[in-house]
Amino acid sequence: MTKVDFNERNNSRKIKMLVLEDMLKNKGDALDAWVGIGETINPETDFAFLYYSYGIIGLLLFVGPFVGILLFSIISVLIQLFKRKFDDFSYILILSLGFSLVTAFYAGHVFNYYFVNVFVG
């Protein structure tokens, strides 16, 4: 913590991430990276929260369906473009899922609290 620049010490997101990295590195075992360390500190960005709380397995199980449906929709739209048939549902699905994933990456609290997704949908 003392190695952090003085201006970065006021950044609570940065401090939370440093604490979680220290917990995982110094106090955890090899299994903690795969299954997580539990909900100790909320780092405010969803992907970091899922990684540190539930590990790699939990991150893949939770985000996997979102990414899978998004990729399926993108492939579906590309096929529709070649057939010259347009389906509004696929475009809306791509926009809403893409916006949810981008918001979860930058702002956080999207996957934790599902009411945020009501506004996106």
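Reader: Is Ser 53 buried or exposed?

Author: In this predicted model, Ser 53 has a relative accessible area of 4%. The cut-off for buried is under 20%, so Ser 53 counts as buried.

Reader: Where does Ser 53 sit, and which residues does Ser 53 touch, not counting residues up to four places away in sequence?

Author: Ser 53 belongs to helix H3. With residues up to four places away in sequence left out, Ser 53 touches Val 35, Gly 36, Ile 37, Gly 38 and Glu 39.

Reader: What describes a pair of aromatic rings?

Author: Two values do: the distance of the centres and the angle of the planes. Centres must lie within 6.5 Å for a pair, and by this rule the model has four aromatic pairs. One of them joins Phe 47 and Phe 105, at 6.1 Å centre to centre with 50 degrees between the planes. This pair is tilted.

Reader: Which helices hold Phe 47 and Phe 105, and how many residues apart are they?

Author: Phe 47 is in helix H3, residues 46–83, and Phe 105 is in helix H4, residues 88–106. They are 58 residues apart, and the pair links distant parts of the chain.

Reader: What is the relative accessible area of each of these two residues?

Author: Phe 47 has 23% and Phe 105 has 48%. Buried requires under 20% and exposed over 50%, so Phe 47 is partly exposed, and Phe 105 is partly exposed as well.

Reader: Why is the pair of Phe 49 and Tyr 54 edge-to-face?

Author: The angle decides this. Planes over 60 degrees apart count as edge-to-face, and the planes of Phe 49 and Tyr 54 stand at 85 degrees, with the ring centres 6.1 Å apart. As for burial, Phe 49 is buried at 8% relative accessible area, whereas Tyr 54 is partly exposed at 34%.

Reader: Which residues do ring pairs link into a cluster?

Author: The cluster consists of Phe 47, Phe 105 and Tyr 106.

Reader: How many helices and strands does the protein chain have?

Author: The protein chain has five helices and zero strands, and its pattern along the sequence reads α-α-α-α-α.

Reader: What are the totals for burial, contacts and surface?

Author: Of the 121 residues in the protein chain, 27% are buried. Among contacts with a separation of 6 or more, 42% come from residues 24 or more positions apart. The chain exposes about 8,400 Å², and carbon and sulfur atoms supply 69% of that area.

Terms used. Residues are numbered from 1 along each chain as its sequence is written. This is a predicted model: local features need pLDDT of at least 70, side-chain atom pairs count only at pLDDT 80 or more; totals for chains, interfaces and linings use all residues. Side-chain values use heavy atoms; hydrogens and water are left out. Rings of Phe, Tyr and Trp (its six-membered ring) pair if their centres lie within 6.5 Å; planes under 30 degrees apart count as stacked, over 60 as edge-to-face and the rest as tilted. Helices (H or I, at least four residues) and strands (E, at least two) are DSSP runs, numbered from the N terminus. Buried means under 20% relative accessible area, exposed over 50%, partly exposed in between (1.4 Å probe, protein chains only). Contact means heavy atoms within 4.5 Å. Accessible areas come from the Shrake-Rupley method with a 1.4 Å probe; for residues, only the protein chains shown count as cover.
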